[in-house]
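Me: I have a structure open and would like to go through it slowly. Could you help me read it?

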Amino acid sequence: MELKTKIHAEDGKQELTITREFELPVELLFKAYEDADIVAQWMSTKVVRLENKKSGSWQFDTSDEKGNVVFTASGVYHEFVPNKKITRTFEMGNAPFDVQLEFLEFESLGEDNSKLTMQIVYRSGALRDQMLKLPFRQGLNMAHDRLQEVVNKLK
Amino acid sequence: MLLASQAMTAGSIASNFNTARPTVSKHLAILTECELLEQQQNGREIYYHLNPNKMKEIADFIEPFRKLWDDRFNKLEDIMKAYKPKK
């Protein structure tokens with residue numbers, strides 16, 4: 001089966017590209033990036049700020065079940081062209097990672113289909129690889145935590 | 001892609017590309033060094049074949065990142081399919 005979301009990360013480069021085709025008109029796809037309530041739903045986060053304009057800023061805070069903020073991300077818009085393009089910076093709060101630059105291109109593929117191309121540029125190739133590995137590590141950590149739980153129950 | 005079905009010599013691999021033979025050899029040497037390809041001596045010829053374990057390792061390394069975005073985008077798609085504009 002063809003994968004819907006594809007990652008293109010060439011060896012040694014300091015960028016990567018994520019592409020995804022949606023069974024949605026491009027207007028609805030863009031709306032999912034424009035409307036704070038909708039962003040909050042699919043990103044599972046709290047949208048603190050979403051100023052959809054050039055030089056506008058954005059901030060998302062993600063909390064655990066107890067309400068403690070565990071993850072925060074913010075940045076600035078450089079371009080905000082409805083149904084076409086968003087250029088923005090992205091920076092994780094309380095993390096040793098340098099800011100990254102993101103180019104999001106929205107493309108109509110007919111009445112009911114659209115495509116998103118997201119190019120992310122990092123400060124270095126090493127940082128890109130680190131960011132790529134992050135979910136891999138989180139997956140491992142979750143597996144280890146789960147293992148620990150199981151082992152604890154055996155004690 | 002060529003090597004997915006069979007082991008091949010550098011010469012037969014090069015004949016499939018519009019690239020000079022030394023360039024192809026250089027690429028093969030790099031891929032071999034990264035353990036993506038394995039060499040097998042057969043008489044005077046060296047055959048190259050894919051190392052499936054290494055290929056899988058590389059795919060697995062990116063997979064959790066891809067899955068993270070795939071899950072987000074699936075959610076986005078579901079939400080927007082059900083979306084009714086407020087009038």
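Me: Which residue takes a positive phi in the hairpin of strand 3 of chain A and strand 4 of chain A?

Reply: That is A:S55, with a positive phi near 70°, in a hairpin that has six residues between the strands. Strands here are DSSP runs of E with at least two residues, and helices are runs of H or I with at least four residues, numbered from the N terminus. Please keep in mind that this is a predicted model, in which local features need pLDDT of at least 70, side-chain atom pairs count only at pLDDT 80 or more, and totals for chains, interfaces and linings use all residues. Residues are numbered from 1 along each chain as its sequence is written, while chains are lettered from A and ligands numbered from 1 in the order in which they are written.

Me: OK, and how many bridges pair strand 3 with strand 4 of chain A?

Reply: There are four bridges, in the antiparallel sense, and A:R49 stands opposite A:Q59 in strand 4 of chain A. Two strands count as paired if DSSP finds at least two bridges between them.

Me: In what order do the strands of the open sheet in chain A come?

Reply: The eight strands follow the order 1-2-8-7-6-5-4-3, with antiparallel pairing. Strand 1 and strand 3 of chain A are the edge strands, each pairing on one side only.

Me: New topic: how many residues of chain A are in contact with chain B?

Reply: 21 residues of chain A are in contact with 17 residues of chain B, where contact means that the C-beta atoms, placed from the backbone, lie within 7 Å.

Definitions and conventions: Contact = placed C-beta atoms within 7 Å.
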